[in-house]
Amino acid sequence: MHPSSTHSHFNTLSHRSITELRFLIATEPSRLMREFKPSIVLTHAPNDPTNVDHANVSEMVMQARSFAAAPGYGDDVITPPNIYFFEPHQPEQSDFKADLFLNITDYWSLKTQAFRAIESQQGVWDYYERVALQRGAQAGRRAAQAILYAEAFQRAFPCVVNNFE
């Protein structure tokens, strides 16, 4: 390939702004949010240096939420869903701070089956089981019940309450 043809190709790419590309990527998830009107959306944490694709998905979800809740991006405007980031594989490197524990004890066997069916995750299952047990212990200390398995989440936005419970 001639160097000038490569240079020309990159010049063509540079005419598309990052904003336009983000809009194109977030259009379908935004449409789905408008259609289904979820009250919550679970996604990857925004800072995950070992899995850049996870951080990109998180950014796309946040952008889609903004488009779904703003006039001018579709036929209707929705109440923006609450966004919860699930715990990344290495939370200490991802600035993840759990502020919600979800008791998954009743669903543990189902999660185990689903997880074991994902070929790319076979090498990390034991780690995730230990994390779920640890999060269960932490959640159990904060709850009025024993919790064996739990998952940790971080809210993207503050919650709104009418009173403290």
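Mentor: Helices (H or I, at least four residues) and strands (E, at least two) are DSSP runs, numbered from the N terminus. Keep in mind that this is a predicted model: local features need pLDDT of at least 70, side-chain atom pairs count only at pLDDT 80 or more, and totals for chains, interfaces and linings use all residues. Residues are numbered from 1 along each chain as its sequence is written, and side-chain values use heavy atoms, with hydrogens and water left out.

Trainee: OK, which hand is the crossing of α4 and α5?

Mentor: Right-handed.

Trainee: And at what angle do the axes of α4 and α5 cross?

Mentor: Roughly 155°, with the axes of α4 (residues 108–116) and α5 (residues 125–142) coming within 11 Å. That makes α4 roughly antiparallel to α5 (an angle over 145 degrees). Axes here are lines fitted to C-alpha atoms, for helices over the stretch in contact, and angles run from 0 to 180 degrees between N-to-C directions.

Trainee: Which residues in α4 and α5 meet?

Mentor: From α4, Trp108, Lys111, Thr112, Phe115 and Arg116; from α5, Trp125, Tyr128, Glu129 and Ala132. Contact means heavy atoms within 4.5 Å.

Trainee: Switching topic, how many aromatic pairs are there?

Mentor: Five, counting rings of Phe, Tyr and Trp (its six-membered ring) with centres within 6.5 Å. In tryptophan 108 and tyrosine 149 the ring centres are 3.9 Å apart and the planes at 5°, so the pair is stacked (planes under 30 degrees apart). Tryptophan 108 lies in helix α4 and tyrosine 149 in the loop between α5 and β4, so the pair ties together parts 41 residues apart in sequence.

Trainee: Where is glutamine 154?

Mentor: In strand β4 (residues 150–155). A polar atom of the glutamine 154 side chain lies 2.9 Å from the backbone nitrogen of lysine 97.

Trainee: What about phi of aspartate 95?

Mentor: Near 55°, positive in a residue other than glycine. Aspartate 95 sits in the loop between β2 (82–86) and β3 (100–103).

Terms used: Parallel < 35°, antiparallel > 145°, perpendicular 65-115°, else oblique. Left-handed = near helix turned anticlockwise from the far one by under 90°. Polar contact = N/O pair within 3.5 Å; in protein donor to acceptor, adjacent residues only side chain to side chain. Phe/Tyr/Trp six-rings, centres within 6.5 Å; stacked < 30°, edge-to-face > 60°.
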